[in-house]
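Hello,

Here is the structure I promised to pass on to you. Have a look at it first, and then read on for what I found.

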Amino acid sequence: MTEINVKVPFQLEILAVPSLIDYSSNKKNRELLKKAIESDAKRKFEDFVKKTQNEYKEEPFYWSLYVRKYFKTIKEYEKANWSKNIYPYAHINIEVDLEKIEFGNLIRSTRFSEVAD
């Protein structure tokens, strides 16, 4: 079985926090938020990949461009049939890396103690 390892690095800017939890200055809360976002993103990526494998039966990421180098010839690659025989059955490991969370001016200027419902 083919195994594909994918790392998805990304950065995020948060402009509003409806819960009014202080993430910008509380390190513990920031770590909890980071883990929750990474976990949710990973689940969504995995769900999407499974959908492309099972329902769409197509690979939208151009990973085939990276796979081609493992075949000696184009004919060998074409015979293996990436789209029909390899990708749909590949085991795909996704690693999500939220490299940086920034908090916009709106959050920094909000005085949480003064906000009331």
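Which residues have the most contacts inside the largest nonpolar core? Please bear in mind that this is a predicted model. In that core of 15 residues, the answer is Ile 4, Val 49, Trp 63, Trp 82, Tyr 87 and Ile 92. At least two core residues come from each of strand 1 (3-14), helix 1 (27-56), helix 4 (82-86) and strand 2 (91-103). Strand 2 is the biggest contributor, giving 3 residues. A separate core of 8 residues lies apart from this one, and includes Val 17, Tyr 23, Leu 33 and Phe 103.

Leaving aside residues up to four places away in sequence, Tyr 87 touches Val 49, Thr 52, Gln 53, Glu 58, Glu 59, Pro 60, Phe 61, Trp 63, Trp 82 and Ile 92.

Next comes helix 1. From its first C-alpha to its last, this helix of 30 residues reaches 41 Å, close to the 44 Å expected at 1.5 Å a residue. Its buried residues are Asn 29, Leu 33, Ile 37, Glu 38, Ala 41, Val 49, Thr 52 and Gln 53, and they pack against strand 1 and strand 2. Both ends have a detail to look at. At the start of helix 1, Asn 26 brings a side-chain oxygen to within 3.1 Å of the backbone nitrogen of Lys 28. After the helix comes Lys 57, with a positive phi near 60°.

Now for the rings. The model has 5 aromatic pairs. In one of them, Phe 48 and Phe 61 have ring centres 5.8 Å apart and planes at 85°, so this pair is edge-to-face. Phe 48 belongs to helix 1, while Phe 61 sits in the loop between helix 1 and helix 2 (64-67), so the pair ties together parts that are 13 residues apart in sequence. Both partners are partly exposed: the relative accessible area is 39% for Phe 48 and 28% for Phe 61.

Phe 71 and Tyr 77 are edge-to-face as well, because their planes stand at 75°, with the ring centres 5.5 Å apart. Are these two residues buried or exposed? Phe 71 counts as buried at 19% relative accessibility, the cut-off being under 20%, and Tyr 77 is buried at 11%.

Finally, Phe 48, Phe 61, Trp 63, Trp 82 and Tyr 87 make up one aromatic cluster. Trp 63, Trp 82 and Tyr 87 are also among the residues with the most contacts inside the largest core.

Best wishes

Terms used: Residues numbered from 1 in each chain as written. Predicted model: local features only at pLDDT ≥ 70, side-chain atom pairs only at ≥ 80, totals over all residues. Heavy atoms only, no water. Core = buried A, V, L, I, M, F, W, Y, C linked by side-chain atoms within 4.5 Å. Buried < 20%, exposed > 50% of the residue type's maximum accessible area, 1.4 Å probe, protein only. Helix = DSSP H or I, 4+ residues; strand = E, 2+ residues; numbered from the N terminus. Contact = heavy atoms within 4.5 Å. Expected span 1.5 Å × (residues − 1). Polar contact = N/O pair within 3.5 Å; in protein donor to acceptor, adjacent residues only side chain to side chain. Phe/Tyr/Trp six-rings, centres within 6.5 Å; stacked < 30°, edge-to-face > 60°.
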